Amino acid sequence: METLAMPAINFAAIMPETILSAVAMALLLVNVFVRSEQKAYLGYLSLIGILVTFFPIVAGWNAPVELQSGFNGAVLQDNFSLFFKGIFLVSAALSILISDQYMQREGCNHGELYPLILLATAGMMLMASGTDLMVIFLGLELLSVALYVLAGFNRDKLKSNEAGLKYFLLGAFSTGFLLYGMALTFGATGTTKIAGIAAYVAANPMITGNQMFLVGMLLMGVGFSFKIAAAPFHMWTPDVYEGAPTPMTAFMSVGPKAAGFAAFLRVFMIALPAYKPEWSALLWVLAVLTMTVGNITALFQQDIKRMLAYSSIAHAGYVLVGFVAGNAVGTAGIMFYMLSYAFMNIGAFAIILLVGRKGEPNNNVADYAGFGFKHPLLGLAMSIFLFSLAGIPPAAGFIGKFYIFSGAIQAGYIWLAIIGVLNSAASVYYYLRVMVFMYMKDPVEEFDWLKVTPAHALCLLVAVAGVLIPGIVPGYLLELAQKAVFF
Amino acid sequence: METFFFAIVALVAIVSGMLVVKCRNPINSALSLIVTFFCLATFYVMLEAPFMAAIQVIVYAGAIMVLIVFVIMLLNLRTETGSRYTHAVTVGTIIGVLTLIEIVYFFSGGRSGLTGATGGLNTETIERVGHTELIGRSMFTDFLLPFEITSLLLLVAIVGAVVLAKKKI
């Protein structure tokens with residue numbers, strides 16, 4: 001009997017995932033010895049783990065090609081995936097910073113929170129660097145299963161249970177689509193490696209008429225669209241975002257979306273470039289629908305968490321515009337936008353979390369009456385985040401939108417860019433409505449329960465800096481994003 | 001002969017699959033699901049994947065179904081009487097029929113058919129080396145990383161189950 005020929009493993013290619021999983025497992029053990037009122041220390045430990053994870057990411061930047069690939073080409077840690085891994089780490093760190101206060105207030109500060117966040121982040125990373133459909137699928141499952149639990153983490157609250165169950169049922173349903181698509185694609189091409197699929201399509205142009213391959217491609221598209229919450233696959237978003245614990249809403253509105261886009265981009269751009277006219281026509285419709293449905297529905301929301309949920313659907317639509325463009329400018333725009341979206345959206349959720357108190361989420365827009373006078377600094381921060389979400393300069397959201405739309409114009413999608421800008425203009429209404437309440441209404445409440453912990457202040461500072469600095473001097477970050485584009 | 005046999009098993013699989021959804025009594029649904037699983041195992045045998053067939057019967061039809069039936073009996077679910085969601089059923093039927101027509105139309109057009117790529121493994125290799133060994137080999141070489149990620153996935157599932165379901169954590 002011959003021996004097994006082990007593949008070239010190259011641990012450097014999965015170093016960030018390895019560190020995060022190791023820290024998560026260690027924290028599960030430490031958790032047993034930590035008393036319930038001191039669970040915040042687990043948060044600090046996981047933050048240290050995240051900081052350590054930044055090292056292999058910085059060290060791997062611009063690494064030679066043979067060092068990027070590992071496990072027989074199952075993962076590829078190129079600049080593209082490294083940039084996304086940075087986004088995931090930022091969103092995980094910011095969410096962890098605001099978690100402890102909320103979880104203590106709601107009485108669900110279980111130590112398992114932090115390992116689950118770290119493992120979800122590892123799952124996102126595998127999605128971003130996976131070049132094998134199996135790795136992408138398993139990364140997505142790792143991420144999703146952790147998120148189902150995090151959405152239902154507040155066990156004693158009915159809304160949270162509902163969010164977890166809804167997310168689980170619809171998420172499992174959509175995973176079925178994705179997996180079926182992958183299976184059919186495998187059946188048609190005989191490989192699960194993205195590069196292998198691309199080579200097969202290039203070698204067999206006749207495959208365009210193969211129904212099995214076409215249906216596989218469509219089903220994969222549907223599965224990914226579910227994960228990024230593109231209309232008409234967005235129905236789960238508002239309920240899940242509303243019911244989940246606020247720090248977890250912040251987490252799941254940014255990272256998983258970015259991970260979904262990373263895998264979506266890599267599969268469609270590398271494996272299926274031959275079909276670009278077909279799938280970009282489909283995505284064109286999807287982008288317009290997503291932007292319009294998200295923005296129009298957000299106009300009528302009274303609950304601020306639901307409003308941000310619909311706004312996150314609209315933002316997925318803007319990012320899809322860059323995807324349809326399919327050129328270097330559009331893709332760099334997507335990456336820049338996802339990073340700034342991490343800062344502005346988590347920042348906004350951090351403020352929402354502060355305004356609420358136990359048993360009284362104060363999520364209604366009217367609850368923000370006079371908030372800007374009572375807490376001028378927090379009001380200013382919230383205004384910066386809302387301006388950035390609306391895409392008003394000098395915030396980072398404006399630069400990101402600018403590059404995405406100019407990518408679309410360069411690729412010749414003038415109408416798509418026009419619809420995008422119109423949508424963006426409509427969205428200003430509901431963002432500014434919150435500010436009208438904050439600054440132009442007389443305060444009803446004293447907001448005296450509001451307590452900003454140091455961790456929370458750090459999160460807000462980082463978020464404000466992350467919105468303003470790239471917004472005023474975008475050059476450096478854009479250059480990084482342009483170097484990260486993989487074609 | 002093989003096509004005829006396939007048609008019979010496929011028919012049983014589809015009918016029992018529909019019964020899973022249509023049965024009012026959850027126990028009947030679970031039993032229909034077992035029949036579906038057995039039909040799938042038969043498909044695996046026909047595809048010359050005996051290991052997959054054995055695993056399908058042992059793990060799904062055996063272990064998982066016992067668990068499902070056990071939970072149903074423990075929870076003592078009542079038979080669902082009266083029909084809810086009648087609108088959804090109507091809309092779903094219309095969409096389903098439309099999709100079926102679309103699928104039939106899509107596949108009946110004179111296209112290149114459903115030929116897929118053939119890999120390096122064929123009946124002869126499977127008979128010579130053995131199905132189980134081939135699976136084991138690819139699991140520890142080509143699919144080493146996915147295999148390891150699965151362990152993380154199971155860990156998350158266990159932690160999640162404890163967090164959500166344990167009385168006092």
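This is a predicted model: local features need pLDDT of at least 70, side-chain atom pairs count only at pLDDT 80 or more; totals for chains, interfaces and linings use all residues.
**Where chains A and B meet**

- Chain A brings 46 residues to the contact, and chain B brings 35.
- The size of an interface is often given as the accessible area lost when the parts come together.
- For this pair of chains, the buried area is about 3,300 Å², with 74% of it coming from carbon and sulfur atoms.
- Three residues, A:L138, A:R155 and A:Q211, account for 21% of what chain A buries against chain B, which is more than any other three residues supply.
- As for charge pairing across this interface, the rule turns up 0 salt bridges.
- On the chain A side, the elements giving two or more residues are α1 (15-31), α5 (113-129), α6 (133-151), α7 (158-189) and α9 (211-227).
- α6(A) gives the most to that side, with 8 residues.

**Helix α1 of chain B**

- This helix covers residues 2-22, which makes 21 residues.
- From first C-alpha to last, α1(B) reaches 30 Å, close to the 30 Å expected at 1.5 Å a residue.
- Its buried residues are B:V9, B:A10, B:A13 and B:S16.
- Looking down the axis of α1(B), the buried residues fall within an arc of 140°, so they line one face of the helix.
- Over on the other side of α1(B), you'll find B:T3, B:F4, B:L11, B:I14, B:M18 and B:K22 exposed.
- Part of the cover over the buried residues of α1(B) is α2 (26-46) of chain B.

**Salt bridges**

- Side chains of opposite charge can pair when their charged atoms come close.
- Over all chains, the count comes to 12 salt bridges.
- One of them joins A:E242 to A:K159, with the closest N and O atoms 3.4 Å apart.
- A:E242 sits in α10 (residues 236-243) of chain A and A:K159 in α7 of chain A, so this pair ties together parts that are 83 residues apart in sequence.
- A:E242 is buried, at 17% relative accessible area, while A:K159 is partly exposed at 41%.
- A:E242 also has a salt bridge with A:R306, at 2.6 Å from N to O.
- Here α10 of chain A is paired with α13 (residues 304-325) of chain A, where A:R306 lies, so parts 64 residues apart in sequence are tied together.
- Both A:E242 and A:R306 are buried.
- A network of salt bridges links A:K159, A:E162, A:K166, A:D239, A:E242 and A:R306.
- Another salt bridge pairs A:E446 with A:K374, at 3.3 Å from N to O.
- A:E446 is in the loop between α18 (414-440) and α19 (454-472) of chain A, and A:K374 is in helix α15 (residues 371-374) of chain A, 72 residues apart.
- Both ends are partly exposed, with relative accessible areas of 49% for A:E446 and 32% for A:K374.

**A look at A:V329**

- A:V329 is in helix α14 (residues 328-355) of chain A.
- Leaving out residues up to four places away in sequence, A:V329 touches A:Y403, A:S406, A:G407 and A:Q410.

Note on methods. Residues are numbered from 1 along each chain as its sequence is written. Chains are lettered from A and ligands numbered from 1 in the order in which they are written. Side-chain values use heavy atoms; hydrogens and water are left out. Helices (H or I, at least four residues) and strands (E, at least two) are DSSP runs, numbered from the N terminus. The expected span of a helix is 1.5 Å times one less than its number of residues. Buried means under 20% relative accessible area, exposed over 50%, partly exposed in between (1.4 Å probe, protein chains only). The arc is that of the directions from the helix axis to the C-beta atoms. Contact means heavy atoms within 4.5 Å. Buried area is the accessible area (1.4 Å probe) that two parts lose on being put together, summed over both. A salt bridge is a side-chain nitrogen of Lys or Arg within 4 Å of a carboxyl oxygen of Asp or Glu.
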